[in-house]
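Thanks for coming. I have one structure to go through, and I will keep to the computed geometry. Please have a look at the screen.

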Amino acid sequence: MYTTSVGLFTILSYVIATLLIVKEIFGAKQHRISMQLAWLGAALHSAYTILNVQNHEGFNFSFFSTASLAGLVICVLLLVATLDKPVAKLGVLIFPVAAATLILDMSYPATPHLLINHNWQMSIHILTSILAFSLLNIAALQAILLAVQDQQLRHHHPKRFMLALPPLQAMESLLFQMIATGLLFLTASLVTGFFFVEDLFAQHLVHKTVLSILAWIIFSALLVGRIRYGWRGQSAIQWTLIGFTSLLLAYFGSKMVLELILKKV
């Protein structure tokens with residue numbers, strides 16, 4: 001009951017923070033409380049996750065629990081980024097997603113999927129995987145906004161939301177910073193996977209390994225192209241989205257099929 005109450009207050013904090021950001025976009029007044037509420041939501045989300053860990057005597061790696069954890073990490077990374085970067089408006093997309101993953105986790109409790117032989121090596125692998133996914137998720141959302149912003153500027157009809165975002169050049173620079181940081185954690189995830197996972201190309205892991213390597217190649221090529229050839233604009237946006245799609249399928253594709261469609265643990 002206590003865990004449920006914490007979850008409900010978390011969702012409420014995210015929703016109100018989102019509504020205040022929308023109000024900021026369509027009005028002249030800035031509401032600092034929107035970020036304060038988002039921080040509160042992230043703190044409560046963390047408390048909810050900790051309570052679940054205590055209830056299950058370990059983290060539940062079921063589909064919705066993992067999605068909820070990823071949503072929490074994405075929120076925290078965005079909030080940390082807002083301390084020195086003009087990315088607060090991305091919260092209008094990220095906070096509702098975090099709330100939605102938490103709602104699904106609360107609504108569809110699944111059989112716990114615990115890691116029995118949990119050790120520090122596997123902890124590093126899991127942590128770097130979640131951080132890589134979360135950072136590249138923010139990069140993908142930013143790429144979508146960048147595409148819309150570029151399209152509207154080309155047609156000379158920028159909407160109020162687009163005008164509230166940082167300039168196109170700043171958005172593009174932030175995008176590549178997110179990709180570079182995400183790639184660093186993805187590299188660490190793959191390296192620790194090769195060293196610490198017993199059989200990375202086992203039947204139930206081969207798709208994740210191949211798609212993760214594909215995502216790594218795409219993001220690496222994108223950064224090299226940016227540095228050596230000045231890649232930007234639509235090319236950067238398209239390859240960012242392709243790379244993140246590969247990573248999304250690697251992390252959640254088979255998990256969704258096995259747990260939600262085939263009903264296999």
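At what angle do helix α7 and helix α8 pack, and how far apart are their axes? Before I answer, the conditions. This is a predicted model, so local features need pLDDT of at least 70 and side-chain atom pairs count only at pLDDT 80 or more, while totals for chains, interfaces and linings use all residues. Residues are numbered from 1 along each chain as its sequence is written, and side-chain values use heavy atoms, with hydrogens and water left out.

Now the answer. Helix α7, residues 168–196, and helix α8, residues 206–229, pack at about 140 degrees with axes 10 Å apart. Axes here are lines fitted to C-alpha atoms, for helices over the stretch in contact, and angles run from 0 to 180 degrees between N-to-C directions. That makes α7 oblique to α8; under 35 degrees would count as roughly parallel, over 145 as roughly antiparallel, 65 to 115 as roughly perpendicular, and the rest is oblique. The crossing of α7 and α8 is left-handed, that is, the near helix is turned anticlockwise from the far one by less than a right angle. Contact means heavy atoms within 4.5 Å. On the α7 side the contact includes Glu172, Phe176 and Leu183, and on the α8 side Trp216, Phe219 and Arg226 are among the residues involved. By class, this contact has 13 nonpolar, three polar and two charged residues. Nonpolar covers Ala, Val, Leu, Ile, Met, Phe, Trp, Tyr, Cys and Pro; charged covers Asp, Glu, Lys and Arg; the others, Gly among them, are polar.

Next, the chain as a whole. There are nine helices and zero strands. Helices are DSSP runs of H or I with at least four residues, strands are E runs of at least two, and both are numbered from the N terminus. Of the 265 residues, 48% count as buried, meaning under 20% relative accessible area with a 1.4 Å probe, protein chains only. Of the contacts with a separation of 6 or more, 76% are between residues 24 or more positions apart. The accessible surface is about 13,900 Å², and 68% of it belongs to carbon and sulfur atoms; the method is Shrake-Rupley with a 1.4 Å probe.

From α1 the contact includes Tyr14 and Ile21, and from α4 it includes Phe95 and Met106. The class count is 14 nonpolar, five polar and no charged residues.

Methionine 35 lies in helix α2, residues 33–56. Methionine 35 is buried, at a relative accessible area of 16%. Leaving aside neighbours within four places in sequence, methionine 35 contacts Ile21, Leu79, Thr82, Ala88 and Phe95. Alanine 88 is 53 residues from methionine 35 in sequence, and their C-alpha atoms are 7.7 Å apart.

Serine 65, in helix α3, residues 63–81, is buried with a relative accessible area of 9%. From serine 65 to tyrosine 108 is 43 residues in sequence and 9.5 Å, C-alpha to C-alpha.

Leucine 141 is in helix α5, residues 120–154. Not counting residues up to four places away, leucine 141 touches Leu93 and Ile94.

How values were computed:
Buried means under 20% relative accessible area, exposed over 50%, partly exposed in between (1.4 Å probe, protein chains only).
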